[in-house]
Amino acid sequence: MSSIDLSSVNAIVTRDLVKERINTEKKYLLTGYSKMILEMEEPFIINDEWSREIPLQESLDILYDFFNSIDSNLANQFNNIIHGTCDNIPLIKFNYVEGDKVLNSVVTKYGVIINYSNNPDDIFTIAHEVLHFMNLHLFYDDNDYITETRSRYIFGEANSILGELLLKDYLITNHLITTNDFKKRYKVRINNAKKCAKSFIIEKLLMEVRQSGMDITYEHLLDKLATLDTESIDYQVFEEELNTFDYMNKIIKHNHCNSNIAKKYIYGLVIANKIYESDNRHQEFINFNNAICNTNNTVDDIYTDLRLRFPHI
Ligand SMILES: [Zn+2]
């Protein structure tokens, strides 16, 4: 067994437990969503190469037409964001970095830098980031930090991922990219979401050990696991963790439980897929985007409305 310092994990989990902001119902939802994600199949890639190159201007022209095919308002917003600035700095900067692409996009103080490398992946990244700007309402919190509405934090990823799924249909129908191109993109997204789901489940177990008044030790973790009404997937994930300590090492490294960021990707992928399955997906997309744009809507407002329209969410 690896020599991880579980007493550090214990101290961090104990401290972060009181900061937990999600209620029991949502925790239950997230557990269900995490399981769904862990059960998702990875897309099968038939060819590792992109089918074509897409120069930046062509991507922008295609995206304008795509948004216009859904709603002219979205197309106008797209143009405004692409040409928009903050303190004279473009909201979206395109910065092609030769060689291996480490990150598709990097968020900065002013906006986002997209590492554009002329392939079909980039057009999805632009759509994803532009959609974030469409429902981004930044404001300053009590400590003068720029922050965002809670509902946007929770649902922003779902909206951008849903946009990617609609874009995929548009691009494939118009023979602009191949299905394999999209699968290459989507495989990365699914694998990232799986990592998030795994982190969430492990963190949940750690917190449950502490909530029962026990310290985090191997014995207590295994005891807790045995008493939980879990399905095989939890065991599998947890066994993996006990072999590698990937997530617990991360907790120590960052000195906090970090599945908070994971949560938005867990909500994101599942909710996007559920809305995408609807017959009226374009209209539902517009409704969802508007709901997030409305700063009066709380997370619960949006959730309640989603559940009325999609009882399986
Ligand atoms: Zn995003």
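Predicted model: local features only at pLDDT ≥ 70, side-chain atom pairs only at ≥ 80, totals over all residues.

**Helix packing and selected residues**

I begin with a pair of helices: helix 3 passes helix 5 in a right-handed crossing. On the helix 3 side the contact is formed by Ser59, Ile62 and Leu63, and on the helix 5 side by Asp122, Ile123, Ile126 and Ala127. Sorted by class, this contact between helix 3 and helix 5 comprises 5 nonpolar, 1 polar and 1 charged residues. Helix 3 covers residues 56-70 and helix 5 covers residues 120-134; their axes come within 10 Å and cross at roughly 50 degrees. That angle makes helix 3 oblique to helix 5.

The protein chain holds 13 helices and 7 strands. Of its 313 residues, 34% are buried. If we take contacts between residues at least 6 apart in sequence, 68% of them join residues at least 24 apart.

Helix 4, residues 72-82, packs against helix 5 at an angle of about 100 degrees, and the two axes are 10 Å apart. Helix 4 and helix 5 are therefore roughly perpendicular to each other. Here Gln77, Phe78 and Ile81 of helix 4 meet Val130, Phe133 and Met134 of helix 5. The class count for helix 4 with helix 5 is 5 nonpolar, 1 polar and no charged residues.

Helix 5 also contains Glu129. Is Glu129 buried or exposed? Glu129 has 21 C-beta neighbours inside 10 Å and therefore counts as buried. Apart from residues within four places in sequence, Glu129 is in contact with Ile92, Ser105, Val112 and Ile114. For one of these, Ser105, the separation from Glu129 is 24 residues in sequence and 8.4 Å in space, C-alpha to C-alpha.

The next pair is helix 6 and helix 12. Helix 6 spans residues 150-173 and helix 12 spans residues 281-293; their axes come within 10 Å and cross at roughly 155 degrees. The two are therefore roughly antiparallel to each other. The crossing of helix 6 and helix 12 is left-handed. Helix 6 contributes Ser151, Arg152, Phe155, Gly156, Asn159, Leu162, Gly163 and Leu166, which meet Arg281, His282, Phe285, Phe288, Asn289 and Ile292 of helix 12. In this contact of helix 6 with helix 12 there are 6 nonpolar, 6 polar and 2 charged residues.

I turn to the interior. In soluble globular proteins, nonpolar side chains tend to be buried together. In this model the largest nonpolar core has 67 residues, and those with the most contacts inside it are Leu63, Ala127, Leu162, Ile266, Tyr267 and Leu269. Which helix gives the most to this core? It is helix 7, residues 179-211, with 10 residues. Ile266, setting aside neighbours within four places in sequence, is in contact with Leu30, Tyr33, Ser34, Ile37, Ala193, Cys196, Ala197 and Phe200.

Helix 7 is also the place of Lys187. Lys187 counts as partly exposed, because it has 14 C-beta neighbours inside 10 Å. Not counting residues up to four places away in sequence, Lys187 touches Glu42, Pro43 and Ile45. Lys187 and Glu42 are 145 residues apart in sequence, and their C-alpha atoms are 5.9 Å apart in space.

Finally, I draw attention to two points in the backbone. Most residues other than glycine have a negative phi. Phe245, however, has a positive phi, near 55 degrees. Phe245 is found in the loop between helix 9 (232-244) and helix 10 (246-254). With 19 C-beta neighbours inside 10 Å, Phe245 counts as partly exposed. Asn255 likewise has a positive phi, near 55 degrees, and lies in the loop between helix 10 and helix 11 (259-276). Is Asn255 buried or exposed? Asn255 counts as exposed, because it has 12 C-beta neighbours inside 10 Å.

That concludes my presentation. Thank you for your attention.

How values were computed. Residues numbered from 1 in each chain as written. Core = buried A, V, L, I, M, F, W, Y, C linked by C-beta atoms within 7 Å. Buried ≥ 20, exposed ≤ 12 C-beta atoms within 10 Å, placed from the backbone. Helix = DSSP H or I, 4+ residues; strand = E, 2+ residues; numbered from the N terminus. Contact = placed C-beta atoms within 7 Å. Axes fitted to C-alpha atoms, helices over the stretch in contact; angles between N-to-C directions. Parallel < 35°, antiparallel > 145°, perpendicular 65-115°, else oblique. Left-handed = near helix turned anticlockwise from the far one by under 90°. Nonpolar A, V, L, I, M, F, W, Y, C, P; charged D, E, K, R; others polar.
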